Structure formats: C-alpha cells, structure tokens
Amino acid sequence: MAEPFEENFFVQTPEKVAETESGMHTLAVPGVGVGLGGPDAYGLSGEARGQFRIVIGRFFHQRLAMIGLATFALLGIASIVVGHFWQYNYTTITNNLNDPPSWTNPFGTNSIGNDMFAQVMAGVEKDIEIALTVAAIAMLIGVTIGAIAGFYRGWIDSLLMRFVDLVLVLPVLAVLILLSNKLAKQSSNWLGLALIIGLLSWTYVARLVRADFLSLRERDFVEASRALGATNRRIIVKHMLPNAIGPIIVNATLTVALSIILESTLSYLGLGVQPPNVSLGLLVDQGQDSATTEWWLFVFPVVFLIILILSIFLIGDGLREAFDPKKSRVRA
Amino acid sequence: MPDPILQIEHLEVDFRTKDGVVHAVRGIDFTLAPGEVLGIVGESGSGKSVTALATMGLLPRNAEVHGSIRFQGRELLDLKEKQLTEVRGTGIAMIFQDPMTSLNPVYTIGWQIVEAIRAHQDLSKEAAQARAVELLAKVGIPNPGERINSYPHEFSGGMRQRAVIAIAMANDPEVILADEPTTALDVTVQAQVLESLRTALSETGAALLLITHDLGVIAGLADRVLVMYAGRPVEVGTAEDVFYRPSMPYTLGLLGSLPRLDSEGTERLRQIPGAPPSMLGNRTGCPFSPRCPLATDVCRETEPDLVVVPSVTSDEGDHRAACHYAEAVGRGDYGRVFSDGVVDNVIR
C-alpha cells in the first residue's frame with residue numbers, strides 16, 4: 001500500500017488502524033508474537049490420538065464389555081474347533097441313545113444318538129453365521145437408505161421414510177412365518193432365512209443414520225468439503241459416514257443379538273433352520289418335550305443361547321459407552 | 001489492466017421465506033484481476049457472505065440468483081452441479097470463518113489435505129502426502145511432518161485456520177474466497193493467519209476476495225475495497241481511496257467506530273446509531289438514510305447510484321460512492337460525522 005497521507009483527516013486513518021493492529025500484537029504477547037515457524041510453540045506432541053483409538057481404549061477398560069467379548073470370542077472359536085476336531089460331527093449317529101452327559105458325550109446324546117456337544121456347538125456356529133449375515137444386510141440397507149434420506153432431504157427423504165414406515169408396520173412375525181415358510185423351507189438354506197430377517201431389520205438403523213445425517217449435513221466441514229469440489233457421493237461416504245460410525249456400530253451389535261433371538265423364535269416354531277442343519281432354537285424346540293426326563297437335551301441349548309445373546313449385549317453396551325460423546329474429553 | 005479472473009455483474013440474490021422475499025443482495029458489480037486482493041466490508045447481514053456463497057454455488061435451495069458470475073470468462077450460474085464441482089477447489093477455493101467447525105473432527109489434518117488434493121488430482125497417496133507436508137510447512141505449521149498426523153482438536157485455533165488455508169491452497173486455485181478468516185480467532189494469532197494467507201497468495205498467485213468486517217485486516221491486505229450496505233455496494237475504490245477519502249457516510253461511520261489505542265482513554269467508542277434495515281420486501285430511498293446524520297428528503301426518496309468521486313491515487317474514475325452528498329463527504333465538509341452518535345461540524 002502506498003504511504004503518502006494528507007494531514008487533515010477527519011476520521012481515524014488506516015495508518016493508525018495498522019499501528020493499532022500490530023501494536024496490539026506485540027503488546028499483548030511479547031515473545032510469542034509473530035513467531036511463524038520455529039519450534040512447536042503450542043507444547044503439543046506430534047503423536048496423534050484418533051477417535052477410533054480413543055474409543056477402542058475406552059472399550060477395553062470396561063470389565064463387563066471385556067467379559068462379553070471374551071465369551072463371544074470363546075464361543076465362536078470353540079464352535080469352529082469343535083466342528084472340525086471333535087470326535088463326533090453333529091450329524092454323526094452314535095450307538096448311545098439318550099445317554100446322560102458322560103466323558104465320551106459331555107452333553108449327552110439324543111434319542112437318535114447324536115452327540116449333543118457337537119450339536120450345540122454346531123448350533124452356536126450357525127446362529128453366529130446367521131446373525132452376522134443379518135447384521136451385514138441390515139446395516140448395508142439401513143445405512144444406505146438413512147444416509148441418502150438425511151443427506152438429500154426433501155421428497156427423497158419423504159419417500160424413503162414412508163418406505164421405512166411401511167416396513168415398520170409390517171407384523172414382523174407374520175411376515176417372517178409367511179416368507180420363511182415359502183423360502184427357507186424350499187432351499188433348506190440358512191442364507192435364505194438370514195436374508196429375510198435382514199430385510200426386515202434395517203429400519204431402525206436407517207432412522208438413526210438419517211437423524212445423524214440431518215445434523216451432520218449442516219456442519220461447516222461438510223460445506224467446506226463441498227467448497228473444495230467434493231461430489232455428493234464423496235461427501236456422504238468419506239466425510240459424513242465416519243462421523244456417524246458410532247451409533248452404526250452399536251446398532252449393528254444389537255442387531256446381531258436381536259436376530260439370534262428372532263432366528264431362535266422362528267426355529268422354535270419350526271420355521272427357521274431346518275434339520276439336518278441345527279441351530280440353538282431348533283435344539284431347544286427338539287429338547288423341550290423331554291426337558292423333565294432327558295434334561296440335557298433342553299438345558300444345554302438354552303444355556304448356550306442365553307450366554308451367546310448376553311455376551312453380545314454386553315459388547316453392545318460397552319461399545320455404546322465407549323462411543324458416548326458425553327464421556328469424551330475430546331472436542332469434536 | 002489484465003482480463004479479470006472473476007467478474008460479477010448485476011448480481012441479485014433473493015431468498016423466498018415464509019415471511020416474504022428477502023433481498024439479500026440487490027445488485028452488485030465487481031471484477032477481480034489475477035492476483036488482486038479485493039476486500040468486501042460491511043455489517044452482518046449486508047450480503048457479503050451471500051455474495052461469496054453465490055460465487056461458489058453453495059446457496060441453499062430457496063435462493064434465487066440473478067445476474068452474472070463469470071470465472072475465466074465462464075458463466076458459473078449456468079453450470080451444472082457436476083461442472084461446478086470441478087471449478088470448486090481447483091478454480092475457486094473457499095476459506096470459512098470458523099476453523100473449529102470447518103475441519104472434519106474424525107480425520108487427521110494430513111488426511112484432509114490429501115483428500116482435497118486427490119479430489120481433483122490423480123496423485124498417489126505418497127505424493128499427495130508429501131505435498132500435504134509441503135503445504136503445512138508453507139502456512140507456517142511447525143514440524144509439519146509430524147503434525148500431518150494430528151487431529152483438528154490437537155491444533156489451536158490459529159493453527160487450524162492455517163491448516164484450512166493449506167487445504168485451500170492444495171489445488172492451486174485462481175481465486176480464494178475468504179469469508180471472515182480471522183473473525184473467530186484470537187487477536188494475537190490473527191496476524192499469523194494473515195501472514196499465512198499472504199504466503200498462500202504469493203505461492204498460488206491467486207486473487208483473494210476477502211470478506212470481513214475488520215477494517216484493520218482490510219488495511220493490511222486489500223488492494224481495493226468494496227463497502228456493502230443492505231445488499232448493495234455503497235463505496236468502491238482502492239484501499240487508499242476508501243480509507244483516506246471516504247465519500248459515503250456509512251464508510252465514515254465504519255472508520256470512525258474503530259477503537260483507538262492512542263486516545264486519551266476517556267473517549268467513548270463511537271458507534272453508528274441504529275441497526276441495518278431488514279431486507280424483507282421493498283423500500284424507497286437510501287437504505288442508510290434512517291441512520292445517517294446527513295439524511296435529507298432526497299435521501300429518503302431516491303436511492304443514490306454509485307457515482308464516480310475524486311480519488312486519492314488515480315484519475316481513472318475507479319473510486320465510486322453511492323451518496324447524494326458524496327462529493328461533499330469526500331471533501332471532508334462534514335468532519336467527524338459520528339461523534340458519540342451526535343453530528344458535529346455539520347455545515348449545511
């Protein structure tokens with residue numbers, strides 16, 4: 001800027017303004033002042049603490065969540081190991097009919113001579129398989145629909161949310177019974193069952209993600225990334241979704257637990273997993289008649305079902321705590 | 001004068017709201033030459049930010065934009081969203097007011113710079129990473145190699161805004177729009193951020209549209225100044241013109257309301273009495289007339305156009321003001337118009 005000024009100013013001059021500005025800087029913070037470059041004046045270490053690492057750290061500090069995780073992991077591993085290395089396969093028919101628990105058959109045998117230990121473990125494995133598939137399907141649909149509805153708003157939002165309402169008002173059990181009767185029985189395939197449950201379980205996460213996106217889309221960093229030339233798709237996937245990951249993960253865990261319950265209900269009603277496949281619900285169904293006489297046919301599947309669901313709920317609770325922003329000391 | 005990089009003509013922005021149509025910008029013209037710094041000053045609600053957002057095509061859906069915004073001769077208002085996406089970031093980059101919220105909290109600073117680069121350029125992750133470190137170093141972040149792995153919450157406000165500037169520089173834009181880049185910052189770090197901004201300009205050769213209500217920032221950076229009031233420019237000129245020969249009472253009021261450190265200490269801060277008008281609906285007369293101590297019947301009846309007024313630096317007629325009494329105000333006939341809200345020295 002040129003410097004020649006006349007003398008008869010009638011307002012405060014920019015020269016004074018400029019002096020004031022720089023004067024304030026040197027006055028207020030002698031030393032720090034205009035120290036560009038140089039050593040790290042802020043006294044922060046360069047080590048980064050990401051949101052993810054913070055959450056993991058908080059998760060591992062919760063005893064109940066750790067018990068849940070350990071139990072779930074143990075069950076998962078045990079079911080696979082038993083499936084491969086136990087002396088009996090779940091389809092193996094032994095000569096021992098209705099034997100109580102013994103060293104050879106720790107959980108006893110049933111009326112046709114199947115080893116119950118192998119059966120229960122196969123049931124655990126199948127339940128976990130189904131539940132994880134259901135959660136994956138539900139998350140995929142729910143997150144996609146919720147994200148699109150929350151991001152675009154307007155008529156797209158209305159349309160998608162009415163669709164969610166439609167799915168929500170369906171009497172789940174009736175639809176499941178109808179569909180699984182048609183589908184699962186035909187294919188005698190657990191995948192079909194998982195698909196059906198998944199197709200009915202995504203509504204909650206869709207609403208959750210939509211609500212999150214409605215608030216996220218108003219955040220400055222979304223506008224900033226748009227101003228940098230990011231496309232809508234890029235903004236949704238790379239900038240907004242990671243900010244909504246907490247509730248999604250927590251909800252995924254709960255979906256896993258709930259779909260095990262739902263699958264057990266269906267199997268108990270004879271509409272879920274079909275023999276010769278086993279699931280815990282199916283085993284409970286088969287064992288209930290002899291619960292008073294051959295107690296091992298009923299008690300072991302029930303106990304393992306409860307332990308499995310409980311362990312997943314514990315994990316979910318732990319994750320919720322870990323993701324809770326109110327517990328966070330990080331300003332987001 | 002070289003061809004302008006950004007040319008805005010007769011820009012009008014209306015918002016349809018429940019209460020009626022809000023005329024946020026009521027006709028604004030300006031050009032931005034390559035490498036030039038144009039400061040836009042005005043109170044809250046004078047249409048500064050709306051002008052910037054209109055340029056980026058980032059206005060909400062209820063906005064109606066008329067006029068012309070040409071970037072490198074290309075009409076931006078005619079572009080489809082997809083084509084706009086290509087201009088944003090590479091052609092025109094924007095720096096937002098609050099660095100606390102304009103960075104994504106879940107990603108490292110480095111990730112965000114790399115993301116900005118890779119949104120437009122086909123660079124490998126490693127190359128983009130190296131460029132990110134280089135950019136951080138340029139805006140004066142110490143230990144950029146380590147800091148690239150920091151999250152926004154680990155940065156101070158000034159450092160965050162410098163990181164935002166680095167992101168704006170990432171794709172070598174022709175124009176940078178800075179919407180109140182220092183307003184949310186501590187006075188003590190404002191100078192550092194302005195320094196980074198200056199570096200960004202010299203590195204990229206970009207022109208800067210600097211929106212602020214801080215006249216100190218304008219004085220330090222701008223080549224030309226456009227003063228906005230009620231959605232229209234009321235005074236345009238070189239920084240010297242506007243500061244040394246303000247020819248519109250509003251500019252006078254803005255300059256007069258700056259606190260002075262060299263005063264006796266008992267002097268009260270001078271303010272412009274009243275508040276800017278609501279932009280709802282239409283009105284007649286000069287929009288500043290209700291607050292203007294010089295206002296006469298003419299002012300209340302007809303809205304003055306921008307007319308050429310004498311300039312301190314040149315005779316090219318690029319100092320213009322919208323006031324019926326522009327000449328007299330420019331000469332200093334009215335002295336310190338806003339002294340404690342009272343008119344003194346008014347010779348009429």
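Some conventions before the content. Residues count from 1 along each chain as its sequence is written, and chains are lettered from A and ligands numbered from 1 in the order in which they are written. Since the model is predicted, local features need pLDDT of at least 70 and side-chain atom pairs count only at pLDDT 80 or more, while totals for chains, interfaces and linings use all residues.

On confidence, the model scores ipTM 0.79 and pTM 0.77.

Next, strands in chain B. Helices (H or I, at least four residues) and strands (E, at least two) are DSSP runs numbered from the N terminus, and two strands pair if DSSP finds at least two bridges between them. An open sheet of four antiparallel strands runs β2-β1-β4-β5 in chain B. Its edges are β2 (20-32) and β5 (74-75), each pairing on one side only. Within chain B, β1 (residues 6-17) and β4 (residues 63-71) share eight bridges, and Glu12(B) faces His66(B) in β4(B).

By contrast in sense, β6(B) pairs with β7 (residues 175-179) of chain B in parallel over four bridges, with Ile92(B) opposite Val175(B). From β6 (residues 92-95) of chain B, Ile92(B) and Met94(B) point one way, Ala93(B) and Ile95(B) the other, and all are buried. Buried means 20 or more other C-beta atoms within 10 Å of the residue's own, with C-beta atoms placed from the backbone.

Which helix is mostly covered? That is α3 (residues 109-118) of chain B, with eight of its 10 residues buried. Ile113(B) and Glu115(B) are among them. These buried residues pack against α10 (232-240) of chain A, along with α4 (125-138), α5 (144-147) and α6 (157-169) of chain B.

Last, chain A. The axes (lines fitted to C-alpha atoms, for helices over the stretch in contact, with angles from 0 to 180 degrees between N-to-C directions) of α11 (residues 245-268) and α12 (residues 280-287) of chain A come within 7 Å and cross at roughly 35 degrees. The contact includes Leu266(A) and Tyr268(A) of α11(A) and Leu280(A) and Val284(A) of α12(A).

Technical notes. Contact = placed C-beta atoms within 7 Å. Buried ≥ 20, exposed ≤ 12 C-beta atoms within 10 Å, placed from the backbone.
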